[in-house]
Structures are given as C-alpha cells and as structure tokens.
Amino acid sequence: MGDPRRYLFQQGTSPSRVSRWVILSALFAGGLLAAPSVAHAAVSLLVEQPYGKLNIIDPGGHSAIYLDHVCAESPLVLRACHPGELGVVLSRYDDISGHDWVAMPLLPYLYSVSSVAEIPQSVDRITEESLRDAYRRQHLQMVAPDRTDGSAPAGNWYELLGSAFDRTIYGFRVDTTPEQDAELIAAFNDRRNVQRYNGAFRNCADFARVTINRFYPHAVRRNYIADFGITSPKSVARSLSHYAAKHPEAGFEVFMIPQVKGSLPRSHSNTGVSEGILKRYGSPLIVVSPVSTAVVLAAYVGHGRFSMPKHAPMLALTERSSDDISPLIVRPFPPIAPVLPKPAFSLAPAHNDTGTGVAARSIGAQISLVRVELAP
C-alpha cells in the first residue's frame, strides 16, 4: 500500500484540481492500479492576513514557506521528512533570539498543539496564550527561553505558534523535487542563521521570495512600480500566480486555512503598498495632491491589482470530529516517524461552483495540505 497524502476539505468547498487525485487514490486503495505512483513534494507560499494592531502598522500581513517533504530536526536544523510527518513552516521574524529564520512543524505553527485531536474547536485570548506558552516551555526553549523568574520572554516568538488562531491563511503551492528539497536543507543548515530582518528590503516576504526562487529562479520579483520596491506578501502571491500561469508544469494550486472560531477579533484582508495607501489615505491624498494620487492609482491598477482566491479548497481540521480523522500524533521534532494506520477511502458527491465534483472523506489517511499523493 502506498503512502497517501490528502486534503481534509471543509464540506462545500470546490477542490477542482484535486478531484482526479481523489479518484486515483480510490482506485489505488481498491487495488485497481497495479503500478505505484510517485509522490510529489511541494513548496507553498503562505500569505497570512494582518490582525489586531498589526493591521494598522502593517496591513500587508505576513508570509511564510511551507514544505511538505522537509521537516525540522530542531527549530534551527532541517532534515528530510519521515513517512507520516506533515512538513515544516519556515518563517522570518525579527527579535527571536537573534535568528534569521525558525522552523516549526505544521500543526504547532497553525494551532500550538502536537496532535490533531488537541486542536481546539474555538479559542479565546486566555486559551491562545496558555497553549502558546505551554508549547514554548516544552519545545522552544532553544529560541524562546524562560526569563530568570520563569516567565515568558519578550520578542516575537509567539508568532511561531497558533497562527490560525489569529488569522486566515492563503496557500499558493508549486511542485518541487527531492533533489531541490535536499539542496534547500543543505543550504539552510550550512549558512549562519543570524538575524537579517529589515522591514523594507529583508522582511518576511523577501524571505519567501528568495526561498521560492531557489526552486523556480526569477519566479518572484520585487514590484518596483506598485510596491515601490518593497516586497509585500500579496505581491509575492501575485508574482508566483503570474509565473505559474505561464508554466503549467509547476503544478500550481491554491488552498485556504480558515481562522479558528472564537472570541478573538477576525483578521483583515492583505494589501500591497500602493493598495494600502489608496485604501487608507486616498481621500485626504486627493485633497493634498491630486497628481500624486493619480500616480499611485495608476501604479496599483497597472501593476498591483490581485485578488486572493475566494473559492479555494479549505483545510478545516477544527470542523472535523475525532471520528473523521485518525489520531495521528505529530511529534514536535520526532526522531522516529509515527506509524500510521492503513488508509480507508470513501467517495461522496460534493457540489461546487462548476457543478458536481468529488470530495474525499478519510478516516485513516495521512494529512497533507496539498493534495492526494501516492508514494511507492
């Protein structure tokens, strides 16, 4: 039996590109396909919406990189994943023990927990802070050690945990090869991991831009017109989407991770630089300088317009009951891969915007953000 990786879709979404993979995996599970298929690795750009006071300071939000076949030996060391592991999120923040990037397993990054069964159905501020600090104390002392009095340290370490508590996240995925993943692991492990953050020219979006360009050279470029040379998360998504439209062999797909329900404020839409100026200061700017307003508007309309995907397939683990998913334990930095039960598949019709499609339901399959994959 192969190693299937599959979306967990919220009912009612429209996984148009994934349907054929669901059918293939069902055939495989039924023994109708004799030849094993090759699993495809992937790199995904995560575009995270701004929230709270960050929406005022930085309406662009945050961007990170998700690799589904690369895992974390520690927060600062990468390795290839073992079967059953869900991959790693690489992100750049300032003020995290002087490091340029930190690697986090997928589930802790999204939900501050180590297993699917622990994901809260809803969160409030107290639950969020409690889960984050508990995980930090147990697993992140290397980058966020306790203060002398035992309290949590200052800095942006909290951004590494429970991102889906605070905001909705969009994913833009393209294929990678094992050789490319191995090269990235070697490059990141060999170079000095020293803080390089600069809000204008070495920010989180620049980190994502440079990392994606390791796999697809020149796929993502700075937008000197609409963003005035400052890389924003939305501009990276726009650039990668335009590149993929010209290169269908990249296997481009999109997905969305919804913000967890609860009393926390909802996140806001991402904006680029010129878009943010027009939305926030358009009216007074017209009065002060109509010419400048026209220039900014022209820059945005000509080179900055981009809509985030409205009907992307959603990973909604919090919408699933414990009977819908296997009790897969995702250790934070596991030395041994967890043993997974054999997958069981069933197909059910699901309606989407383009008609009747096919949605997958799984009670024992390995979880992946990306799509159904069959490994030898």
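This is a predicted model: local features need pLDDT of at least 70, side-chain atom pairs count only at pLDDT 80 or more; totals for chains, interfaces and linings use all residues.
## Overall make-up

The protein chain has 376 residues, and 55% of them are buried. Its secondary structure consists of 10 helices and 14 strands.

Among contacts in the chain with a separation of 6 or more, 73% are between residues 24 or more positions apart. The accessible surface comes to about 16,700 Å², and carbon and sulfur atoms account for 58% of that surface.

## The disulfide and the cysteines

The structure holds 1 disulfide. Cysteine 71 and cysteine 81 form this bond, with an S to S distance of 2.0 Å. The pair links distant parts of the chain, 10 residues apart: cysteine 71 sits in strand S4 (residues 70-74), and cysteine 81 in the loop between strand S5 (77-80) and strand S6 (88-91). The torsion about the S-S bond is about 95°, so the disulfide is right-handed.

Cysteine 71 counts as buried because its relative accessibility is 3%. Cysteine 81 has a relative accessibility of 18%, and therefore also counts as buried, the cut-off being under 20%. Cysteine 204 is buried as well, with a relative accessible area of 8%.

In soluble globular proteins, nonpolar side chains tend to be buried together. In this model the largest nonpolar core has 38 residues, and those with the most contacts inside it are Leu45, Leu67, Leu78, Leu90, Phe172 and Leu240. Two or more residues each come from strand S2 (41-48), strand S3 (62-67), S4, S6, strand S9 (169-176), helix H6 (178-190), H7 and helix H8 (233-246). A second, separate core has 34 residues, including Leu86, Val113, Leu264 and Leu315.

Leucine 67 is one of the residues with the most contacts inside the largest core. Neighbours within four places in sequence aside, leucine 67 contacts Ala42, Val43, Gly87, Val88, Leu90, Asp181, Leu184 and Phe215.

## Arginine 209

The side chain of arginine 209 makes a polar contact of 3.1 Å with the side chain of aspartate 206. Not counting residues up to four places away in sequence, arginine 209 touches Val220, Arg221, Arg222, Thr231 and Val236.

Methods: Residues are numbered from 1 along each chain as its sequence is written. Side-chain values use heavy atoms; hydrogens and water are left out. A disulfide is a pair of cysteine sulfur atoms within 2.5 Å. Helices (H or I, at least four residues) and strands (E, at least two) are DSSP runs, numbered from the N terminus. Buried means under 20% relative accessible area, exposed over 50%, partly exposed in between (1.4 Å probe, protein chains only). Contact means heavy atoms within 4.5 Å. Accessible areas come from the Shrake-Rupley method with a 1.4 Å probe; for residues, only the protein chains shown count as cover. A polar contact is a pair of N or O atoms within 3.5 Å; within protein, one must be able to donate a hydrogen and the other to accept it, and residues adjacent in sequence count only if both atoms are side-chain atoms. A nonpolar core is a set of buried Ala, Val, Leu, Ile, Met, Phe, Trp, Tyr and Cys residues joined through side-chain atoms within 4.5 Å.
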